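Trainee: I would like to learn how to read domains and strands in a model. Where do we begin?

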Amino acid sequence: MDRLLPRVLRVDLTRKRSWVEERPDLFRDRLGGTGAAIELLHELCPEGADPLGPENPIVFAVGALSALYPLASKTVALFKSPHTGNLGESHCGGRTAFALRLAGYGALAIEGRSDVPVYLSIHDGGVRFRDARTLWGMGSSVTVGRILRDVEPGSGHRTILRIGRAGERGVTYAAAIAETYRHFGRLGLGAVLGSKNLKAIVVSGQGAIPVAEMGRYQKLYRELHERAVRSDLMKKYHELGTAQNVGPLNEMGALPVRNLQATRYPEEPAFSGERLAQGYLGRRLACAGCPVACIHLAALREPHPEEPYFYKTTFVSYDHEPLYALGAMLGVEEAAGVLKLIDAVGHVGLDAMTAGVVLAWATEAFDTGLITERETGGVRPRWGDVAVYREMVRRIADRDSEFYRVLGEGVRAAAARYGGAEFALHFGGNEMPGYHTGPGALLTYLAGARHSHLDSAGYAVDQDLLRRGEELAPPDLARRLLAEEARRQVLSSLVICFFARGLYDFPTIAACLGALGDDWDEGRLRNLGAEVLRRKHAFKVREGFRLATLPIPERAMTTPAPGGAVDEEYLRQALAEMERWLEGNDGLEG
């Protein structure tokens, strides 16, 4: 392990102080990233802390391979989530990992609350607390980014994280935006930043990372780079991106449509990856340290409302999940309409996935008479009505009435206040991802550390079993999902992009670490993954999470997946097996 990775930059916003702690005890045996960050969160976050109180810390962390190997390009953020009330974990690309690592830090921990809006400026080993009162309340997060690019040093070596109005106003699913097109999207990091009066964080670094065996490292780097750009492993992500999933999911009847009232469009949706590439794709971008370039930007060209031959062109980043949540889930038919909605949530700083599911719940609640124009303020939500949804996005971000304040806390809160729990599609409080493939996907959403489809890839297990015509008993499916999720904890401790999971198997990871002077073998990596997963689960349980009593959304079971309707008893048996494994014979800390 190099001497820079264990350095933790601590920032106290209340006292406007910062200092560096050397923590090899956290990094030496955990590789950094999620492994180190979950231990810091256990240390710094008091049990029962108010997620929007000054006692809730934010921990950003990178891993031993960050800024050294291809696709080790992510940063992980851990905090107590204001959206679920337990563990908040979010991953983001862009330049954040490079900037933190080359600034000489393995982690950045932010505590306290500033008395006035500020932003952090971290350059050349120093931390400055800049007055952000002129930035607070700006309508667009894009504008904030432009201003900071002009006034801050370190161009080309820096990251700029910031929040929008939704984060300032405590929408529990507010995002933090990095470099315009990347996000810490899920579980409300933006709201936690807003609660601290922290508008933005700018970090730059121009240092170097020592490498123990340079010749061996260079050979490995070239091999990994070649596989990333020449093999079929990453081809999908470069060509069409994850938007490629829209068409096949629609065809197999696994794409949630109109709040999961249906699972397919009659024909290929206008916002499938192929159709977007043909009609809208304007650019591809890559995170720092990534040769794949999976970030797809659509060129959205809108005519001037009065002047002929005048157009505004906006670049909008798209992939499967925003297309699902702000397209299929809302019954939108036009590609341009979906892109406009993705752009709208980005400007105010909302998580696109949660925002789409919230708007879908509101539409069905309006259809069934649970809410009326009295609650919505004269707005009439209707499937596919993009103009109405854009107006609702604005009102949610502004929290301008009791109804929109409740919508700003997600569908669990909305259903508790107005009814409609039977069609409220949340899993442990977090809204549904875009794969209705079967029991594997639902178990991943329910039990995964982030309630994300990427936790244990149950959606992929479902499709594999369907292709083979096989079924698994609940305990067998539970163990298969847990094994995959434990493996992914190693990737998230190194903060490798999950798209590169086929590139970084355990022997490859051990070789990469070996070139840096760290001795790891497959067994040790496997044990680390299991330990990190249990420590994350322990934090959730400490904050009130219980797998055994977790509500399962009724709509997710009554709307058939490709293999048929999912049985609740089947899911309960699998969840019980997961709980036994995660908590062990000797309890969580045994």
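**Domains and their contact**

Mentor: The centres of domain 1 and domain 2, taken over C-alpha atoms, are 27 Å apart. The contact (heavy atoms within 4.5 Å) takes 29 residues from domain 1 and 32 residues from domain 2. This is a predicted model: local features need pLDDT of at least 70, side-chain atom pairs count only at pLDDT 80 or more, and totals for chains, interfaces and linings use all residues. Residues are numbered from 1 along each chain as its sequence is written, and side-chain values use heavy atoms, with hydrogens and water left out.

Trainee: How is the chain divided into domains?

Mentor: Domain bounds come from an automatic or database domain assignment. Here they give domain 1 (7-205), domain 2 (241-414) and domain 3 (430-583).

Trainee: How much area do domain 1 and domain 2 bury between them?

Mentor: Buried area is the accessible area (1.4 Å probe) that two parts lose on being put together, summed over both. For this pair the value is about 2500 Å², with 54% of it on carbon and sulfur atoms.

Trainee: How many salt bridges lie across the interface of domain 1 and domain 2?

Mentor: A salt bridge needs a side-chain nitrogen of Lys or Arg within 4 Å of a carboxyl oxygen of Asp or Glu. The rule finds 3 across this interface. Arg165 and Asp398 form a salt bridge through their side chains, at 2.7 Å from N to O.

Trainee: Which strands does β14 join?

Mentor: Strands (E, at least two residues) are DSSP runs, numbered from the N terminus. Two strands pair if DSSP finds at least two bridges between them. β14 (residues 295-303) runs antiparallel to β13 (residues 281-285), with 4 bridges. Arg284 has His296 in β14 as its bridge partner. β14 also runs antiparallel to β15 (residues 311-318), with 8 bridges.
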